[in-house]
Amino acid sequence: MRIQRFLLTTNPGIEDIVEQEVTERVEAKVQKAFMNLQGRVLVEIEEDRYPELLKLRSVYYVIRYLGEFEVSTSEKGLEMIYEGVRHMDIPELQGAQSFRVTATRIGVHSYTSIDIQKAAGQALVDRYHKRVDLKGYEIEIIVDVIGKRCWIGVNLTRDSLHKRFERPFQHIAAIKPPLAYAMLRLADLRPGHVLLDPMCGGGTIPIEAAQVYGSLIKIFASDNNSRALEGAMKNAEAAGLKDIIRFLLLDARNIDKAFQRVDRIVTNPPFGVRIGEWETLKPLYASFLEAASRVLPEGGLLVIITLRATSFRDLVFKNRRFTIAHERVVEAGGLYPHIFVLQRI
Ligand SMILES: C[S@@+](CC[C@H](N)C(=O)[O-])C[C@H]1O[C@@H](n2cnc3c(N)ncnc32)[C@H](O)[C@@H]1O
């Protein structure tokens, strides 16, 4: 059986989750930082197992790796890209009518990514005689120049895999489903558990949970903003999960008034990106931690993503009812929030 390489893109900081998810599905050799870049995971699997990669929840794009070569950072690099791409065998292009090249460039070069796209595109036109179509393309060829290396791939995912269903409601501060998936994995959910997202916004976390665990667990989602809650319900309905998630209009500071016991809380409170905003959010975080400590049993877990790691850590120590079982930094939309896993003592 032929072994093939595939590049998977994800949020920097959750590569280990990608590795876990991949190796649960297929036998794979995994390199967590392709070309030393975070958020890019290279896997080697048996060629015909690749449809399994398209089911992954922790990744955005799946790219079939074709090969790489050395390039100069001076203008001569463009000729080397032309030659390198021209000599690359790309079976996908044989039967296609049109293609596009998408290039990313990292480092200092005497050419731009548009120049790379043009040089690589010309090489493919000359070799395969196919039409370039930037919008209606059939095949997308990836040509990335990272320092002095150029690697080529075929994107197998036209739409990012995180667009698992059409969301009628877009929450302004929604997290991406792969991050929600990573948080849920860190929550170590077991059959029969009660899960709550008390600041659910558009419902990304509970919807992801419902898609992964179905009725193995009981899922509750709440928010104190009725517009967000209605939106979350619409999104759940669009995903065909309305009956699996129970929605409540509730202030996160009062979850102990609505729930007696919750095994896991997984949530994404407001980040407080704007200057001064954290001062008003800090009391919310503190009161929420209080309420969470009253509904979680000993050993219960709270998984939370926050931008204010230092200040949040202080709140956890002041609260005294949790230990920090795990903490990591992730990258999300140019921000670097921390995911904390707190365990109720
Ligand atoms: C960052 S958003 C959550 C986004 C969500 N994870 C998603 O992907 O759509 C934070 C949510 O917390 C809610 N929120 C803020 N203060 C709250 C409170 N005191 N009680 C409950 N929800 C609150 C906001 O209404 C907002 O929907």
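**Grounds for the classifications**

Author: Tyr285 is buried, with a relative accessible area of 1%. Please bear in mind that the model is predicted.

Reader: Why is Tyr285 called buried?

Author: Buried means under 20% relative accessible area. Tyr285 has 1%, so the residue is buried. Trp278, at 6%, is likewise under 20% and therefore buried.

Reader: What makes Trp278 and Tyr285 an aromatic pair, and of which kind?

Author: Rings pair if their centres lie within 6.5 Å, and planes over 60 degrees apart count as edge-to-face. The centres of Trp278 and Tyr285 are 4.7 Å apart and the angle between the planes is 70 degrees, so the pair is edge-to-face. Ring pairs also link Trp278 and Tyr285 with Phe312 and Phe340 into a cluster.

Reader: How many aromatic pairs are found in the whole structure, and why is the pair of Phe6 and Tyr50 called stacked?

Author: The search finds 8 aromatic pairs. For Phe6 and Tyr50 the ring centres are 5.8 Å apart and the planes stand at 15 degrees. Planes under 30 degrees apart count as stacked, so this pair is stacked. The pair links distant parts of the chain, with Phe6 in strand β1 and Tyr50 in the loop between β3 and β4, 44 residues apart.

Reader: What makes Arg158 a charge over the ring of Tyr137?

Author: The distance limit is 6 Å from CZ of Arg to the ring centre, together with an angle within 35 degrees of the ring normal. Arg158 lies over the face of Tyr137 at 3.9 Å from the ring centre.

Reader: Why are β2 and β6 said to stand at the edges of the sheet?

Author: The open sheet has 8 strands in the order β2-β3-β1-β4-β8-β7-β5-β6, and its pairing is mixed. β2 (29-31) and β6 (131-132) each have a single partner strand, so one side of each is left without a neighbour in the sheet.

Reader: How do you know that β5 and β7 pair?

Author: At least two bridges are required. Strand β5 (residues 98-106) and strand β7 (residues 139-146) have 8 bridges, so they pair, and they do so in the parallel sense. Phe99 stands opposite Ile139 in β7. Helix α1 (residues 15-25) packs on the sheet and touches β1 (3-9), β2 and β3 (40-46); its direction makes about 15 degrees with that of β3. Helix α2 (residues 76-86) also packs on the sheet, touching β4 (62-70), β7 and β8 (149-155), and its direction makes about 125 degrees with that of β4.

Reader: Which backbone feature is noted at Met35, and is Met35 buried or exposed?

Author: Met35 has a positive phi of about 55 degrees although it is not a glycine. Met35 is placed in the loop between β2 and β3. Its relative accessible area is 19%, which is under 20%, so Met35 is buried.

Reader: Why is His129 called exposed?

Author: Exposed means over 50%; His129 has a relative accessible area of 65%, so His129 is exposed. His129 lies in the loop between α4 (113-128) and β6, and its phi is near 55 degrees, a positive value in a residue other than glycine.

Note on methods:
Residues are numbered from 1 along each chain as its sequence is written. This is a predicted model: local features need pLDDT of at least 70, side-chain atom pairs count only at pLDDT 80 or more; totals for chains, interfaces and linings use all residues. Side-chain values use heavy atoms; hydrogens and water are left out. Helices (H or I, at least four residues) and strands (E, at least two) are DSSP runs, numbered from the N terminus. Contact means heavy atoms within 4.5 Å. Axes are lines fitted to C-alpha atoms, for helices over the stretch in contact, and angles run from 0 to 180 degrees between N-to-C directions. Rings of Phe, Tyr and Trp (its six-membered ring) pair if their centres lie within 6.5 Å; planes under 30 degrees apart count as stacked, over 60 as edge-to-face and the rest as tilted. Buried means under 20% relative accessible area, exposed over 50%, partly exposed in between (1.4 Å probe, protein chains only).
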